Amino acid sequence: MIQLEHLNKTYDGAAGAAHHALSDVSLTIEDGDVFGIIGASGAGKSTLVRCINLLERPTAGRVVIDGADVTNLKGKELLRLRASIGMIFQNFSLFQQRTVLGNVMFPLELRREKRDAAERRARELLELVELGDKVDRYPSQLSGGQQQRVAIARALANSPKVMLCDEATSALDTRTTVSILDLLADINKELGVTMVVITHSLAVAKKICNRIAVIDAGRIVEEGSTADVFSSP
Ligand code: ADP
Ligand code: ADP
């Protein structure tokens, strides 16, 4: 379970003007949720989600994961937390100089897994995302949907309990978006991975999220089950 308690995040702007990206944000994300964070561009969605793996540090408030306050984690403990949380991005963020297989092996190499074991695991994950026949390609030789599936396989390499998806389908066409959302839903159901899904698309949120928080100008303005949020007047 992820608990965000009274998070505030202030960025120092130009000429000392402070920008409040998050104001008193509290949220609970239960294990097994597909939790949607929706809102307009600039609303604070990325900042909020990046507080979960502490890519951003909140200016005030607490991040509590499975009962442990992780807000101020440092060093090895911080690296371990980050490794337990997979992340995917709008622009895929693959290593262009590495093959598909090399991309998925990367987190395993960081963990100093034996080469054979790392390769076996990476190949399994690429089968899971239906790219078993593309292991030797480079990212630039793949379609956008295929690149995102490589990124998903790489995010799964450390067997995360949680995956953060930051506008993961925003660069994709409608048909490809549906196939990526289906894959994320399968990973949630079959592997039990909790999903936190940032999107500006109501259609995306409706399709896979069981719970939703709507964020506007750094504040949660609505939160609840997807059915409740979309049926509210
Ligand atoms: P969203 O993901 O909803 O588009 P963000 O969390 O990226 O929103 O940004 C929220 C606000 O904080 C925006 O106004 C943005 O310009 C600002 N912001 C985000 N990151 C930084 C940063 N590193 N420095 C200064 N301002 C930032
Ligand atoms: P998707 O099913 O992900 O939508 P596309 O229909 O976009 O895939 O692509 C079909 C095929 O074309 C894929 O097998 C992919 O390998 C290849 N392809 C797509 N874009 C490129 C590209 N920029 N360079 C090389 N091959 C590409």
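Me: A polar contact is a pair of N or O atoms within 3.5 Å; within protein, one must be able to donate a hydrogen and the other to accept it, and residues adjacent in sequence count only if both atoms are side-chain atoms. How far is a nitrogen atom of ligand 1 from an N or O atom in the side chain of Y11?

Reply: This is a predicted model, in which local features need pLDDT of at least 70 and side-chain atom pairs count only at 80 or more, while totals for chains, interfaces and linings use all residues. Residues are numbered from 1 along each chain, chains are lettered from A and ligands numbered from 1 as written, and side-chain values use heavy atoms without hydrogens or water. Y11 is one of the residues that surround ligand 1, and between a nitrogen atom of the ligand and an N or O atom in the Y11 side chain the distance is 3.5 Å.

Me: Which element gives the most to the shell around ligand 1?

Reply: Elements here are DSSP runs numbered from the N terminus, helices being H or I of at least four residues and strands E of at least two. Strand 2 (18–29) and helix 1 (45–52) each supply at least two residues of this shell. With three residues, the element that gives the most is helix 1.

Me: What surrounds ligand 2, and which residue there has a polar side-chain atom 2.6 Å from an oxygen atom of the ligand?

Reply: Around ligand 2 stand K134, S140, Q141, S143, G145, Q146, R175 and T176. A backbone N or O atom of Q141 lies 3.3 Å from a nitrogen atom of the ligand, and an N or O atom in the side chain of R175 is 3.4 Å from one of the ligand's oxygen atoms. The side-chain atom at 2.6 Å from an oxygen atom belongs to S143.

How values were computed:
Near = heavy atom within 4 Å.
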